[in-house]
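Dear colleague,

Please find the structure below, handed over for your study.

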Amino acid sequence: MSKRRIKKIAIVGSGIMGSGIACHFANIGVDVLLLDIVPRELNDKEKAKGLTLEDKAVRNRLVNDALNASIKSKPAPLYHPSFKNRITTGNLEDDIAKVADVDWIMEVVVERLDIKQQVFEKLEKYRTPGTLITSNTSGIPIKFMSEGRSEDFQKHFCGTHFFNPARYLKLFEIIPGPKTDASVLEFLNGYGEQFLGKTSVVAKDTPAFIGNRIGIFSIMSLFHTVKDLDLTIEEVDKLSGPVIGRPKSATFRTVDVVGLDTLVHVANGIRENCPDDERHELFQLPDFINTMMENKWLGSKTGQGFYKKHVSPEGKKDILSLDLNTLEYREKQRAKFATLELTKTIDKVADRFKVLAKGKDKAGEFYRKTLSALFAYVSNRIPEITDDLYKIDDAMKAGFGWEHGPFQIWDAIGVEAGIAMMKAEGLEPSAWVNDMLASGSTSFYTIKDGATYAYDIPKKSQEKIPGQDSFIILDNIRTSNEVFKNSGVVIEDLGDGILNCEFQSKMNTIGGDVLTGLNKAVDLAEKDFEGLVIGNQGANFSVGANIGMIFMMAVEQEYDELNMAIKYFQDTMMRMRYSAIPTVAAPHGMSLGGACELSMHADKVVAAAETYIGLVEFGVGVIPGGGGSKEMALRASDTFRKGDVELNVLQEYFLTIGMAKVATSAYEAFDLGVLQKGKDIVIVNKDRQIATAKAHAKLMADAGYTHPVKRKDVKVLGKQALGMFLVGTDAMEASHYISEHDQKIANKLAYVMAGGDLSEPSLVTEQYLLDLEREAFLSLCTERKTLERIQHMLKTGKPLRN
């Protein structure tokens with residue numbers, strides 16, 4: 001049988017989910033046909049233009065309006081605005097025959113079985129046999145949808161459930177129908193992971209599948225616990241947010257964003273369709289939820305939910321919170337618990353759970369109640385919703401943004417300790433958990449030879465989780481493959497002659513220990529290895545240089561030490577570029593300031609698609625001082641072409657720094673000149689990033705890597721460019737677009753990128769520009785307003801304009 005490839009997909013239904021899914025397929029380079037129904041009447045604009053129901057603009061109005069609304073929404077569904085050109089729109093009357101030419105048809109219409117069945121009946125008339133056909137249903141049984149369809153249709157039919165927004169949430173649930181061919185499931189499982197960048201989870205055809213079944217149970221459990229323990233919504237959000245590795249929006253803010261009506265719809269579906277669920281009563285809506293539904297307090301979509309934006313008569317904006325006892329809005333209250341204070345020094349989230357579960361205050365009671373309920377519930381869902389415990393963890397991490405799944409949290413507390421905690425709450429785990437302990441397995445997961453194993457219930461043994469061979473999981477090899485370690489980095493042997501330098505500092509900031517570690521990594525690689533990857537698997541690659549260290553040196557006026565620190569940073573970046581071995585940077589998430597400079601100096605960048613990268617130093621009152629200003633001048637020089645207005649080219653690079661532009665995806669970083677076409681690459685699945693970076697380092701080494709020759713040919717424009725920049729910043733300040741201090745920073749940057757006040761365009765060395773850059777950086781560190789900006793950033797995490 002020939003290998004299945006997806007070149008073109010038809011998405012039927014252009015609502016929020018349909019358009020979002022269409023955009024994500026466009027993100028990965030697939031040709032998309034997006035279809036929706038034809039309007040039955042003209043709107044006022046169409047009447048004014050004299051259009052009729054037969055005009056194409058009218059017939060495609062619904063699909064075009066929906067897609068345009070999606071593209072304009074935040075966060076952006078497309079990696080790059082130009083990718084919208086990969087989507088063609090049409091309607092289900094004029095264009096349905098085009099589905100004959102696609103490789104995959106996905107239905108994303110309203111959640112009504114009768115309508116879905118009508119759509120499938122229509123589609124089958126035009127579908128080419130062998131074409132994949134799936135439904136993005138979030139809960140309608142798959143077995144009912146394909147009833148009455150042909151054998152070929154049913155063989156190639158299943159559920160493919162994306163979570164909203166499709167670009168950002170990683171869960172991709174695949175739900176087989178009664179006759180789905182095993183090869184179809186295998187293909188979709190691999191395609192979701194490799195091409196869509198998702199965590200693919202094959203689920204059983206049960207109400208709400210895996211993610212929503214466990215996720216909605218967890219939220220409903222909290223809804224009942226909040227009343228039992230008389231907690232405020234602020235307290236619950238404090239307890240159920242980042243402290244336990246959950247999103248900042250925690251519980252109630254998340255419900256406001258998603259919409260209370262959406263949550264209630266799924267909860268009611270579970271209650272109605274799972275009468276034998278042992279926690280059936282928990283899916284009964286509490287009184288306060290019913291009242292909110294009646295009042296249409298649904299969250300962001302109606303302007304108020306658990307939280308409400310409020311503007312005082314004086315014009316002051318603030319956010320009010322709902323008092324669950326009075327159901328009236330009040331000022332937000334600060335939540336504080338002694339148990340949480342005990343976890344402040346514990347960096348690893350997994351290590352906090354033991355402390356939290358032993359808390360002596362209301363917080364401890366909250367964790368014991370909610371975690372006990374969760375542990376009991378997930379153990380009883382096997383084998384109902386899945387046969388594999390790791391799939392429940394995968395679904396919760398990928399679909400709900402949990403750092404750890406329920407069974408991983410249970411492992412962190414200890415399986416036996418978790419059972420004792422449950423019994424104290426009057427709960428029992430499923431019998432298989434006790435059988436596991438009796439078999440000699442004391443945890444749900446184990447690590448062996450760098451791979452993760454999970455307890456297999458039928459086999460009563462630890463079995464290797466499939467699909468790991470494309471990944472390198474640093475948590476699994478950090479101890480066994482360690483080559484060097486200090487407080488800032490761990491250097492690991494990835495095998496095949498390639499090292500990895502993994503940042504371990506707070507928020508992966510780049511300070512003295514990290515720079516020492518980077519230099520040590522190059523030393524080790526040059527001596528005994530063949531290449532170096534700089535990568536980690538934290539939430540973010542790095543938020544940049546340690547500005548706290550810079551602030552302390554500047555306040556103490558230790559300018560010689562600061563000069564040496566900045567030179568050490570610059571020298572380290574140059575070492576990345578001019579070492580004897582290939583260096584590959586693997587940025588993901590926030591990759592700001594110094595992290596951007598590091599990426600720009602590696603031989604190659606293997607960036608995750610979700611990389612938010614840029615030179616943001618202007619926000620703290622300085623210019624990029626670790627080689628970033630120099631590098632932008634160099635890249636401008638390299639893009640000067642015969643016939644170009646060189647000043648205009650240089651100005652674009654200048655504005656990238658001056659406006660502290662941050663790419664909202666790796667693809668946008670090419671536009672900013674931060675990534676370079678033909679050299680750097682983008683990978684959609686972050687889990688594959690370290691392995692891919694290693695492969696490229698190995699490829700470069702095997703091809704006979706020779707380090708570049710140091711540059712002496714950087715063209716700078718001197719006074720010609722400097723004059724233009726100074727006139728521009730003067731006009732901006734005079735018009736009050738920028739502050740006086742902003743102008744001072746911009747003028748310093750202009751001096752560096754122009755190459756100083758040379759009388760004519762000249763060729764200079766990189767070191768010449770680095771020296772100008774360092775001098776400008778240091779002079780700005782003597783400014784009071786710069787110190788105010790750095791201090792404000794350290795306190796609030798936000799830039800100050802002064």
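**Findings**

Lys-84 is placed in the loop between helix H4 (61-72) and strand E3 (87-91). Please note that the model is a predicted one. The relative accessibility of Lys-84 is 44%, so this residue counts as partly exposed. Leaving aside residues up to four places away in sequence, Lys-84 touches Ile-71 and Leu-78. Gly-531 is 447 residues from Lys-84 in sequence, and the two C-alpha atoms are 38 Å apart in space.

Next come the nonpolar cores. The largest one has 110 residues, and those with the most contacts inside it are Phe-223, Phe-306, Tyr-367, Phe-407, Trp-432 and Phe-444. Helix H16 (residues 362-380) gives the largest share of this core, namely 10 residues. Another core, of 95 residues, lies apart from it; among its members are Ile-87, Cys-158, Val-184 and Leu-672.

Phe-407 also belongs to the buried residues of helix H18 (residues 406-413), which are Pro-406, Phe-407, Ile-409, Trp-410 and Ile-413. Seen down the axis of H18, these buried residues fall within an arc of 155°, and therefore they line one face of the helix. They pack against helix H15 (353-357), H16, helix H17 (389-400), helix H19 (415-424), helix H20 (431-438) and E12. For Phe-407 itself, the residues touched include Val-378, Ile-382, Trp-432, Phe-444 and Tyr-445, not counting residues up to four places away in sequence. Just after H18, Gly-414 takes a positive phi of about 110°.

Strand E12 is part of a sheet. Three strands form this open sheet in the order E12-E13-E14, with antiparallel pairing. Strand E12 (445-448) and strand E14 (461-464) stand at the edges; each has a single partner strand, so one side of each is left without a neighbour in the sheet. On average, neighbouring strands of this sheet are turned by 40° against each other, direction ignored. E12 is joined to strand E13 (residues 451-456) by 4 bridges, and the two run antiparallel. Lys-448 has Ala-451 in E13 as its bridge partner.

Finally, the cysteines deserve a paragraph. A disulfide is a covalent bond between the sulfur atoms of two cysteines. How many disulfides does the structure hold? The number is 0. Cys-501 is buried, because its relative accessible area is 0%. Cys-158, listed above in the core of 95 residues, is likewise buried, with a relative accessible area of 0%.

Terms used:
Residues numbered from 1 in each chain as written. Predicted model: local features only at pLDDT ≥ 70, side-chain atom pairs only at ≥ 80, totals over all residues. Heavy atoms only, no water. Buried < 20%, exposed > 50% of the residue type's maximum accessible area, 1.4 Å probe, protein only. Contact = heavy atoms within 4.5 Å. Pairing = 2+ DSSP bridges. Axes fitted to C-alpha atoms, helices over the stretch in contact; angles between N-to-C directions. Core = buried A, V, L, I, M, F, W, Y, C linked by side-chain atoms within 4.5 Å. Disulfide = S-S within 2.5 Å. Arc of directions from axis to C-beta.
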